[in-house]
Amino acid sequence: MSLRVAVADDAAALSVLHNASFREGWTRDDFTTWLARSEAICLVAEQAGEVVAFGLALASGSDAELLTIASVPALRGQGFGRRIMQGLQEEAASRGLDRWILEVARTNLPALGLYKSEGFVEIGVRKDYYPGEAGRVDALVMARSVAPAGGQGRA
Ligand SMILES: CC(C)(COP(=O)(O)OP(=O)(O)OC[C@H]1O[C@@H](n2cnc3c(N)ncnc32)[C@H](O)[C@@H]1OP(=O)(O)O)[C@@H](O)C(=O)NCCC(=O)NCCS
């Protein structure tokens, strides 16, 4: 598996993976717009020449905000999500950002497991934030510090 910074040509593949992972998937044009922004931090993991996971964060002031992360459904549980999180962490540190922040559905147990094991802690709740099949679902707001480049990487 290799990790690299996403480029404009990745927009179509990222849209396919996003649509396979979320109810309201983003279009290729959405990703083209995100990838053109200098505040965007987007990494892709590849295996055998195929994108197997990606993550997109936004530098906002001194925060790094995780906007989205996904692994190919058939390849989940193989460490790709964690590798993306750790790569984003290194990128955020190299940009001198201070704090990670993200939102996650209370019911999204795989994502919660990943974030908690990467040192994120809950700092707030946005009640009924996401639409869900069984009614609206709370968003947990989670944060951790951005460790200095070359540090241990965990808050
Ligand atoms: C969340 C997601 C990106 C994790 O990617 P992944 O490649 O499966 O993650 P990894 O294999 O690196 O697993 C990392 C950790 O996540 C947690 N995790 C992964 N799958 C899990 C599951 N089914 N249940 C509970 N925890 C899980 C574990 O803590 C795991 O660490 P471990 O293997 O040491 O136990 C993936 O499930 C996904 O794409 N989900 C759909 C999109 C999504 O919901 N994104 C997050 C939006 S907030």
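A residue is counted as buried here if 20 or more other C-beta atoms lie within 10 Å of its own. In this predicted model, buried residues make up 28% of the 155 residues in the chain.

Along the principal axes, the C-alpha atoms of the chain fill a box of roughly 40 × 40 × 30 Å. The secondary structure comprises four helices and seven strands, which follow one another from the N terminus in the order β-α-α-β-β-β-α-β-α-β-β. Among the contacts between residues at least 6 apart in sequence, 55% join residues that are at least 24 apart.

The largest nonpolar core has 34 residues, and the members that touch the most others are Phe54, Ile84 and Ala92. Two or more residues of this core come from each of the elements α1 (11-21), β2 (40-47), β3 (50-60), β4, α3, β5 (99-105) and β7 (137-145), with β3 giving the most, namely six residues. Once neighbours within four places in sequence are left aside, phenylalanine 54 is in contact with Ala6, Leu14, Leu17, Cys42, Leu43, Val44, Ala45, Ala70 and Ile84.

One of these partners of phenylalanine 54, Ala45, deserves a look of its own. Not counting residues up to four places away in sequence, alanine 45 touches Met1, Leu3, Val52, Ala53, Phe54, Phe80, Arg83 and Ile84. Although alanine 45 and valine 5 are 40 residues apart along the chain, their C-alpha atoms are separated by 8.9 Å.

The last stop is the ligand. Its surroundings consist of 20 residues, of which the closest are Arg76, Gly81, Arg82, Gly113 and Leu114. At least two residues of this shell are supplied by each of β4 (63-71), α3 (80-94) and α4 (109-117), and the largest share, six residues, comes from α4. Sorted by class, the shell around the ligand holds nine nonpolar residues, nine polar residues and two charged residues.

Key: Residues are numbered from 1 along each chain as its sequence is written. This is a predicted model: local features need pLDDT of at least 70, side-chain atom pairs count only at pLDDT 80 or more; totals for chains, interfaces and linings use all residues. A residue is near a molecule or strand if its C-beta atom, placed from the backbone, lies within 6 Å of it. Ala, Val, Leu, Ile, Met, Phe, Trp, Tyr, Cys and Pro count as nonpolar, Asp, Glu, Lys and Arg as charged, and the others, Gly among them, as polar. A nonpolar core is a set of buried Ala, Val, Leu, Ile, Met, Phe, Trp, Tyr and Cys residues joined through C-beta atoms within 7 Å. A residue is buried if 20 or more other C-beta atoms lie within 10 Å of its own, exposed if 12 or fewer, and partly exposed in between; C-beta atoms are placed from the backbone. Two residues are in contact if their C-beta atoms, placed from the backbone, lie within 7 Å.
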